[in-house]
Structures are given as structure tokens and as C-alpha cells.
Amino acid sequence: MSDAALKEKLDRMLALLRDYNEPHWHAYFSEAAGLLDAGKSVRAKKKILGAYGGMGSFSDALYFTGAPKEIAEEGYALRSTLHALSST
């Protein structure tokens with residue numbers, strides 16, 4: 001997939017993180033979005049992948065507090081999609 005697809009998914013994730021009380025992850029992924037916007041896709045992908053794995057990581061410390069079930073499920077699916085898009 002293209003960097004445009006990654007950017008689209010990342011922007012949606014940023015909106016969910018902002019709207020559903022995930023300021024730490026919003027700030028983290030905003031940095032990745034900035035790198036992507038600057039044409040530094042390899043660095044952006046490394047930044048994204050750096051959030052996964054280990055205790056307290058994006059893999060296991062994501063809650064979308066206050067989000068309806070459908071929105072939370074969308075966020076969890078996006079989490080997997082971002083990882084997959086960044087791994088290519």
C-alpha cells in the first residue's frame with residue numbers, strides 16, 4: 001500500500017485518539033504524521049512500529065475511554081492496519 005493509504009489511516013487514528021482521551025498516543029502518532037508529511041516515510045514507519053510490543057505499548061495500552069463499542073472496535077482494527085501498513 002502507498003504512503004497515502006498510511007496517511008489516511010493515521011489521520012483517522014489521530015482523530016480517534018484525540019476524541020477518546022488518549023493524549024499520550026495522540027502526541028506520539030502526531031510525530032509520525034509529521035514525519036510522513038515531511039516525506040520521511042521510512043522514519044514515520046519506524047516511529048509507528050516503535051509503539052508496538054512490550055508492556056504498556058500501543059498493543060496493550062489503548063482504551064478509547066468513553067467511545068461507543070463500534071468506535072472502539074474501529075480503533076482496534078486501525079491499530080492492526082497501521083502496523084501492517086508500516087511493516088511494508
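Helices are DSSP runs of H or I spanning at least four residues, numbered from the N terminus. The legends below refer to a predicted model.

**View 1. Trp 25 and Phe 29 share helix α2.** Helix α2 covers residues 23–37 and contains both Trp 25 and Phe 29, which stand four residues apart, about one turn of the helix. The ring centres of Trp 25 and Phe 29 are separated by 6.2 Å and the ring planes meet at 45°, so this pair is classed as tilted. Trp 25 is buried, as is Phe 29.

**View 2. Tyr 28 pairs edge-to-face with Phe 29.** The distance between the centres of the Tyr 28 and Phe 29 rings is 5.3 Å, with 70° between the planes. Tyr 28 and Phe 29 are both buried. Lys 47 is positioned over the face of Tyr 28, at 4.1 Å from the ring centre.

**View 3. Five aromatic residues, Trp 25, Tyr 28, Phe 29, Tyr 52 and Phe 58, make up one aromatic cluster.** The structure as a whole holds seven aromatic pairs. Apart from residues up to four places away in sequence, Phe 29 touches Leu 10, Leu 14, Leu 17, Ile 48, Ala 51 and Phe 58.

**View 4. The largest nonpolar core comprises 27 residues.** The core members that touch the most other members are Leu 10, Leu 17, Trp 25, Phe 29, Ile 48, Phe 58 and Phe 64. Two or more residues of this core come from each of the elements α1 (3–19), α2, α3 and α4. The largest contribution is that of α2, with seven residues.

View 5. Ser 41 counts as buried because its relative accessibility is 17%, under the 20% limit. With neighbours within four places in sequence left aside, Ser 41 is in contact with Asp 3 and Leu 36.

**View 6. Glu 73 is a partly exposed residue of helix α4.** Helix α4 spans residues 69–86 and contains Glu 73. The relative accessibility of Glu 73 is 43%, and the residue therefore counts as partly exposed. Glu 73 and Thr 88 are 15 residues apart in sequence, and their C-alpha atoms are 24 Å apart in space.

Note on methods: Residues numbered from 1 in each chain as written. Predicted model: local features only at pLDDT ≥ 70, side-chain atom pairs only at ≥ 80, totals over all residues. Heavy atoms only, no water. Buried < 20%, exposed > 50% of the residue type's maximum accessible area, 1.4 Å probe, protein only. Phe/Tyr/Trp six-rings, centres within 6.5 Å; stacked < 30°, edge-to-face > 60°. Lys NZ or Arg CZ within 6 Å of the ring centre and 35° of its normal. Contact = heavy atoms within 4.5 Å. Core = buried A, V, L, I, M, F, W, Y, C linked by side-chain atoms within 4.5 Å.
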